[in-house]
Amino acid sequence: MTTFIVPIYNAERYLSACLDSLLAQTAKELQIILVDDGSTDGSLAIAKSYTVRDPRVELYRQPHAGQSAARNLGLKHAHGEYVAFVDADDTIAPDWCEKHVEAIEGVDYVQSGNPRNRYQYTVVWNRLYRREAITGLLFPEGMIYEDVLWSVDLWLSKASCRVIRYNGYHYTANPESTTAHSHPEAQKCVLQALRAKRKGASMRGKFIIAYTICRLKLHFIRS
């Protein structure tokens, strides 16, 4: 079984399309965990309607605490052998789950999108993880770019990866999302956190962190 974790915050414009794409998966053994992060729009009502529509959909609520806290809450309730994160404003192709499950044999996680190497992307979506490989790996709460630090921790754990040439995750450039805007202080904070991790890392770890810092700086310059 695959568990999808969807953090939700004021996503009423996109949420139905997201959830429809999850329910349309050709792989039917699913647990779909929705975590409402204190939405103030119609997101909660939409999420509730899907729990009535399909018993595979579960809804949890928390006061607004950010995407990291929502994902961590979702992980606490995950029961699937595999776990995937999907943002509430994105959709996935009907065969997304099937393609990734087929490719995960013998590795800890599968990453798609045809990157040059496994360290190119620090986003946590567009991957399928073995739940046992990420047990105890929590998102740092109270900060932006939390997926960067989580991904680096995953790589430092020496989790094995397979990259597949498949593009079934449809990212939505939401102008209202957190990462759609520049956050100089948050950028400074995540770079400082990465440098702190580098101090006690192995040679391999130092390379991964240095590479990630370089890519982030380039991304911040372009954004």
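1. Glu-146 lies in helix α6, which spans residues 146-156; helices (H or I, at least four residues) and strands (E, at least two) are DSSP runs, numbered from the N terminus. This is a predicted model, in which local features need pLDDT of at least 70 and side-chain atom pairs count only at pLDDT 80 or more, whereas totals for chains, interfaces and linings use all residues. Residues are numbered from 1 along each chain as its sequence is written, and side-chain values use heavy atoms, with hydrogens and water left out.

2. Glu-146 counts as buried because its relative accessibility is 7%, where buried means under 20% relative accessible area, exposed over 50% and partly exposed in between, with a 1.4 Å probe and protein chains only. Leaving aside neighbours within four places in sequence, Glu-146 is in contact (heavy atoms within 4.5 Å) with Gln-67, Ser-68, Arg-71, Phe-139 and Pro-140. With Arg-71 there is also a side-chain to side-chain polar contact at 3.1 Å, the term denoting a pair of N or O atoms within 3.5 Å of which, within protein, one must be able to donate a hydrogen and the other to accept it, while residues adjacent in sequence count only if both atoms are side-chain atoms.

3. Arg-71 is one of the buried residues of helix α3, together with Ser-68, Ala-69, Ala-70, Asn-72, Leu-73, Gly-74 and Leu-75. Helix α3 (residues 67-76) is mostly covered, eight of its ten residues being buried, and these buried residues pack against β1, β2, β3, β4, α5 (131-134) and α6.

4. The seven strands of an open sheet follow the order β3-β2-β1-β4-β7-β6-β8, with mixed pairing; two strands pair if DSSP finds at least two bridges between them. At the edges are β3 (57-62) and β8 (161-164), each of which pairs on one side only. On average, neighbouring strands of this sheet are turned by 20 degrees against each other, direction ignored.

5. Within this sheet, β1 (residues 2-8) and β2 (residues 30-37) pair in the parallel sense over seven bridges, and Phe-4 has Ile-32 as its bridge partner in β2. Helix α6 lies across β4 (82-85), β6 (109-112) and β7 (127-130), running at about 50 degrees to β7; axes are lines fitted to C-alpha atoms, for helices over the stretch in contact, and angles run from 0 to 180 degrees between N-to-C directions.

6. A search of the whole structure finds zero disulfides, a disulfide being a pair of cysteine sulfur atoms within 2.5 Å. The sulfur of Cys-214 is 19 Å from the closest cysteine sulfur, in Cys-189, and therefore too far for a bond. Cys-189 is partly exposed, with a relative accessible area of 36%, whereas Cys-214 counts as exposed at 54% relative accessibility.
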